[in-house]
Amino acid sequence: MEEAEAKKEDNQQVLKVLEALKQASRELQNKSSGSNSSAIKALLELQTETDSILSTDPLLSTLSHHLSDLKSLIQTRQNSYGQASLKSFLTRRASSHEISKVACLIETEIQSWIDREIIENLTISLRKFDTDEVLVERIEQFTGRISEGFSRELQDLILKSRVFEALELILFNSSVSKKVRESAGFGIAGLIRFNKDVFVGKVVMGQTIRSLVSLSSCASIKVLCSLIKSIKSPLVDEIESNNEIPKIICLLSSVDHSVVVSAMDCVLEMGYYGRKEAIEAMLNEGVIAKLVELQRSELGGDLIDLERFERGGEKAERKYLENHPFASCVARFAVMLEVGEGLRQREKRAFKQEILKGVREACGDSDAKAATITAEVLWGSSP
């Protein structure tokens with residue numbers, strides 16, 4: 001235990017120094033910063049500080065060589081100052097170019113070390129089911145890193161370490177806390193954004209969808225919405241084939257307001273990307289009746305009411321929608337089907353009639369309310 005803590009402290013010290021080195025090397029690559037004297041000074045000072053650190057880690061040997069090369073290049077450039085010959089001028093120009101290249105190599109090498117550290121720490125914590133605090137911290141650190149953009153080297157590390165599988169195992173494990181499982185879900189969604197082509201198959205073929213729906217929290221349904229937006233119709237097909245649609249529709253009746261809002265967003269996204277079978281499944285589960293009920297609730301309303309806020313501008317509109325998240329939700333669902341990608345034109349027309357029929361049945365004794373919602377569906381309302 002003491003040995004593990006000592007290693008952790010050592011790695012934290014190395015990380016702190018490397019982050020400073022990375023920042024200095026990044027500044028050195030910025031040609032607009034004049035002579036870059038402050039960045040050069042910082043790098044040279046840090047090299048002296050890191051000599052002992054770099055020598056103890058074989059993974060940092062390349063970085064050590066780059067820093068030595070940088071020191072030589074800087075010395076060459078400094079020696080050329082004070083000489084007015086063409087040769088000295090060209091030497092300074094060439095040295096500046098080489099310094100920038102080496103600084104770029106230094107930054108890349110440092111980032112590679114940091115990435116290895118992030119992946120190693122994450123996989124160790126996931127395997128041994130670390131404390132909730134540590135797990136969430138390391139998953140969030142990983143998610144933040146992959147959000148910075150694609151990197152081939154980082155992807156190779158992720159695949160080799162089987163990070164996706166480890167995150168999915170945590171997400172699927174009902175004995176793990178909800179907070180950690182939700183964090184794992186956001187990590188998986190981050191991997192899809194990182195490189196959809198590589199990780200989408202793992203989502204579709206694995207337990208991710210079932211796990212997110214079974215978790216049934218505001219965060220897990222938000223992750224599901226994110227995945228639908230990224231993967232589109234194929235994911236909705238998978239949700240339908242796994243018979244998860246009834247469970248999602250049931251969430252519209254949750255006592256947790258935040259879950260209902262997330263579930264409605266999910267229903268709208270499925271309406272936009274869903275093909276005929278998925279839309280039929282939603283209608284068969286009474287989605288229209290549930291949306292009518294939400295629209296008639298205190299948090300509902302009709303978007304036509306926004307006319308009273310015309311003088312208030314966008315701020316008033318935004319406030320109204322924040323306070324009435326279910327306003328015109330039936331028409332919004334109808335619009336998503338109308339403008340969506342999953343249905344043929346004749347299917348859209350047929351489903352619109354089904355929606356109108358569902359509205360009349362759901363409103364029952366309230367002809368006035370049925371007329372308002374029907375008018376919104378017929379004429380369309382902004383989704």
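Contact, in these legends, means that heavy atoms lie within 4.5 Å. The model is predicted, so that local features need pLDDT of at least 70 and side-chain atom pairs count only at pLDDT 80 or more, while totals for chains, interfaces and linings use all residues. Residues are numbered from 1 along each chain as its sequence is written, and side-chain values use heavy atoms, with hydrogens and water left out.

**View 1. V287 in the largest nonpolar core.** Not counting residues up to four places away in sequence, V287 touches I249, L252, V267, M282 and F333. The largest nonpolar core has 99 residues, and those with the most contacts inside it are F142, I158, M270, V287 and F333. A nonpolar core is a set of buried Ala, Val, Leu, Ile, Met, Phe, Trp, Tyr and Cys residues joined through side-chain atoms within 4.5 Å, where buried means under 20% relative accessible area, with a 1.4 Å probe and protein chains only.

**View 2. Helix α14, residues 257-273.** Helices are DSSP runs (H or I, at least four residues), numbered from the N terminus. The 17 residues of α14 should span 24 Å at 1.5 Å a residue, and this agrees with the 25 Å between its end C-alpha atoms; the expected span is 1.5 Å times one less than the number of residues. Because 13 of the 17 residues of α14 are buried, this helix is largely enclosed by the rest of the structure.

**View 3. Helix α10, residues 208-215, and what covers it.** Six of the eight residues of α10 are buried, and the helix is mostly covered; the buried ones are T208, I209, S211, L212, V213 and L215. Among the elements that cover these buried residues are α7 (163-172), α8 (178-194), α9, α11, α12 (233-241) and α13 (245-250). After α10 comes S216, which has a positive phi near 55°.

**View 4. The crossing of α9 (residues 196-205) and α11 (residues 218-231).** The axes of these two helices, which are lines fitted to C-alpha atoms over the stretch in contact, with angles from 0 to 180 degrees between N-to-C directions, come within 11 Å and cross at roughly 125°. That angle makes α9 oblique to α11, since angles under 35 degrees count as roughly parallel, over 145 as roughly antiparallel, 65 to 115 as roughly perpendicular and the rest as oblique. K196, V200 and V203 of α9 make the contact with L227, S230 and I231 of α11.

**View 5. The pair α19 (residues 345-363) and α20 (residues 367-379).** Here the axes come within 9 Å and cross at roughly 165°, which makes α19 roughly antiparallel to α20. From α19, K352, I355, L356, V359 and C363 meet K369, A370, I373, T374, V377 and L378 in α20.

Conventions: Buried < 20%, exposed > 50% of the residue type's maximum accessible area, 1.4 Å probe, protein only. Helix = DSSP H or I, 4+ residues; strand = E, 2+ residues; numbered from the N terminus.
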